[in-house]
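Here are my notes on the model. Please read them with the structure open.

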Amino acid sequence: MKAEGFISKSIDFKMNELKEKQSKEVNGMELSYNKSSRDEGLHYESDYCVWRGVTCDNVTFNVVALNLSGLNLEGEISPAIGRLNSLVSIDLKDNRLSGQIPDEIGDCSSLESLDLSLNEIHGDIPFSFSKMKQLENLSFRELCD
């Protein structure tokens, strides 16, 4: 499943900052940034499996893990996260994410670990969590004053 739908206006990934911080070559492949007319979000023309914090299955190339902790991400978690239904692990801790957890996260039925700690997320836990039968580790720890 392609990850480009996950990247949306609702989360500011600060791609320009990441571009400056990361090497222009990853595994000998030059990365490029383009504006997509379809989703109006920034994306790489090259393989999303080489993106920082993205882990893919070696056979299917489906995204199986997102480790975007401590990247100063802002905004809300996009409902498009549910389209990454092969995800086993999501680590978004220690960012500045806000809003509610999207109901679509329940479509990640293979999810075993979810860490949303140290963010500004509020609201109820979506009922769709009941669809995630493999979920073993769940963390919502908040900042203490």
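Which residue forms a salt bridge with K93? The partner is D115, with the closest N and O atoms 3.9 Å apart. Some ground rules come before the numbered points. This is a predicted model, in which local features need pLDDT of at least 70, side-chain atom pairs count only at pLDDT 80 or more, and totals for chains, interfaces and linings use all residues. Residues are numbered from 1 along each chain as its sequence is written, and side-chain values use heavy atoms, with hydrogens and water left out.

1. The K93 and D115 pair. A salt bridge here is a side-chain nitrogen of Lys or Arg within 4 Å of a carboxyl oxygen of Asp or Glu. K93 and D115 form one, at 3.9 Å between the closest N and O atoms. The pair links distant parts of the chain, 22 residues apart. K93 sits in the loop between β9 (89-91) and β10, and D115 in strand β11 (residues 113-115). Strands (E, at least two residues) and helices (H or I, at least four) are DSSP runs, numbered from the N terminus. K93 is partly exposed, at 27% relative accessible area. D115 is buried, at 15%. Buried means under 20% relative accessible area, exposed means over 50%, and partly exposed is in between (1.4 Å probe, protein chains only).

2. D91 joins in. D91, K93 and D115 are linked in a network of salt bridges. D91 lies in strand β9 and is buried, with a relative accessible area of 12%. The side chains of D91 and K93 also make a polar contact, at 2.9 Å. That term means a pair of N or O atoms within 3.5 Å; within protein, one must be able to donate a hydrogen and the other to accept it, and residues adjacent in sequence count only if both atoms are side-chain atoms. Leaving aside neighbours within four places in sequence, D91 is in contact (heavy atoms within 4.5 Å) with L66, N67, L68, S69 and D115.

3. R96 and E74. How many salt bridges does the model have by this rule? The count is four. One of them pairs R96 with E74, and the closest N and O atoms are 2.9 Å apart. R96 is partly exposed at 32% relative accessibility. E74 is partly exposed at 30%.

4. D107 and K131. These side chains meet in a salt bridge, 2.8 Å from N to O. D107 lies in the loop between β10 and β11, and K131 in the loop between β12 (120-121) and β13 (137-139), so this pair ties together parts that are 24 residues apart in sequence. D107 is partly exposed at 35% relative accessibility. K131 is partly exposed at 44%.

5. Aromatic pairs. Rings of Phe, Tyr and Trp (its six-membered ring) pair if their centres lie within 6.5 Å; planes under 30 degrees apart count as stacked, over 60 as edge-to-face and the rest as tilted. The model has two such pairs. Y48 and W51 are edge-to-face, at 6.3 Å centre to centre and 70° between the planes. Y48 is buried at 16% relative accessible area, and W51 is buried at 11%. F129 and F140 are tilted, at 6.4 Å and 35°. This second pair links distant parts of the chain, eleven residues apart: F129 in the loop between β12 and β13, F140 in the segment after β13. F129 is buried at 11%, while F140 is partly exposed at 27%.

6. Q134. Where does Q134 sit? Q134 is in the loop between β12 and β13, and is partly exposed at 43% relative accessibility. Not counting residues up to four places away in sequence, Q134 touches S109, S110, L111 and E112.

7. Cysteines. A disulfide is a pair of cysteine sulfur atoms within 2.5 Å. The count is one. C49 is joined to C56, with S to S at 2.1 Å. The torsion about this S-S bond is about -95°, so the disulfide is left-handed. C56 is buried at 12% relative accessibility. C108 is buried too, at 0%.
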